[in-house]
Amino acid sequence: MPVRVLLVDDEPLVRAGLRAVLEAQPDIEVAGEAADGAAVIPLVRQLRPDVVAMDVRMPLLDGIEATRALLRTVAEPPKILVVTTFENDEYVYEALRAGADGFLLKRARPAEIVHAVRLIAEGESLLFPASVRRLAAEYGESGGNRAARAGLERARLTEREGEVLRLMARGLSNAEIAARLVVGTETVKSHVSAVLAKLGARDRTQAVITAYESGFVAPG
């Protein structure tokens, strides 16, 4: 089955460009479009996309609030890929904290756009880990977020789970973590699932942000 994508951006040219790039791929299908975050929830319920590619800044409801509303309202929400003009933008980090799975620059090359959608849909690696680290270092109150520290303490990760979380924060995929730890991929998947469950994280992006903000992993 192809990866179904919903495009949400107030600029028609941006939507048209993304559609052209994505629909050229045999394994990706553009399920629909919207010009504002306010239309996301009804369209997600109607179209059931796997990924929502969403502009972070829109006039009525921006990508941050649309992400929060979507995750709060829809029982099995799609992956959320924030599309932005500026990489080092506090809005991008707030969108990630709100629950977005990753972000993509509007000036990205076609191959990068396709790679981002596939990676987000698979959910087995962190998208642009170096950029996430930079955002966490600048906006994440690293080590000073009491809620993040408390959440990590309550999680009581095992030594191996902590090791897996550190490797996740470096951007390693499940297969790369398995090779590094000399274990099977299924074992790594089990560890990743345990880390997410203990942290109450929706995905590895949220788990990594908690790791940075709690001081468990230094973002620098």
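Here is a walk through this predicted model, from the whole chain down to a few residues. Local features need pLDDT of at least 70 and side-chain atom pairs count only at pLDDT 80 or more, while totals for chains, interfaces and linings use all residues. Numbering runs from 1 along each chain as its sequence is written, and side-chain values use heavy atoms, with hydrogens and water left out.

Let's start with the overall build. The protein chain has 11 helices and five strands; these are DSSP runs, H or I of at least four residues for helices and E of at least two for strands, numbered from the N terminus. Its radius of gyration is 17 Å, close to the 17 Å from the globule rule for 220 residues, so the chain is as compact as a globular protein of that length. That radius is taken over C-alpha atoms, and the rule is 2.2 Å times the number of residues to the power 0.38. Along the principal axes, the C-alpha atoms fill a box of roughly 50 × 35 × 30 Å.

How much of the chain is buried? Of the 220 residues, 52% count as buried, where buried means under 20% relative accessible area, exposed means over 50%, and partly exposed is in between (1.4 Å probe, protein chains only). Take contacts (heavy atoms within 4.5 Å) between residues at least 6 apart in sequence: 69% of them join residues at least 24 apart.

Now for the strands. Strand β1 (residues 3-8) runs parallel to β2, and six bridges join them; two strands pair if DSSP finds at least two bridges between them. Strand β2 (residues 28-34) is mostly covered, with five of its seven residues buried.

Next, a single side chain. Y91 is found in helix α4 (residues 90-98) and is partly exposed, with a relative accessible area of 37%. Leaving out residues up to four places away in sequence, Y91 touches V56, R57 and I64. G63 is 28 residues from Y91 in sequence, yet the C-alpha atoms of the two are 8.8 Å apart in space.

Finally, head for helix α8 (residues 159-169), whose buried residues are E161, G162, V164, L165, L167, M168 and A169. What do they pack against? The buried residues of α8 pack against α6 (129-139), α7 (146-155), α9 (174-181), α10 (185-199) and α11 (204-214). Just after α8, G171 takes a positive phi of about 95 degrees.
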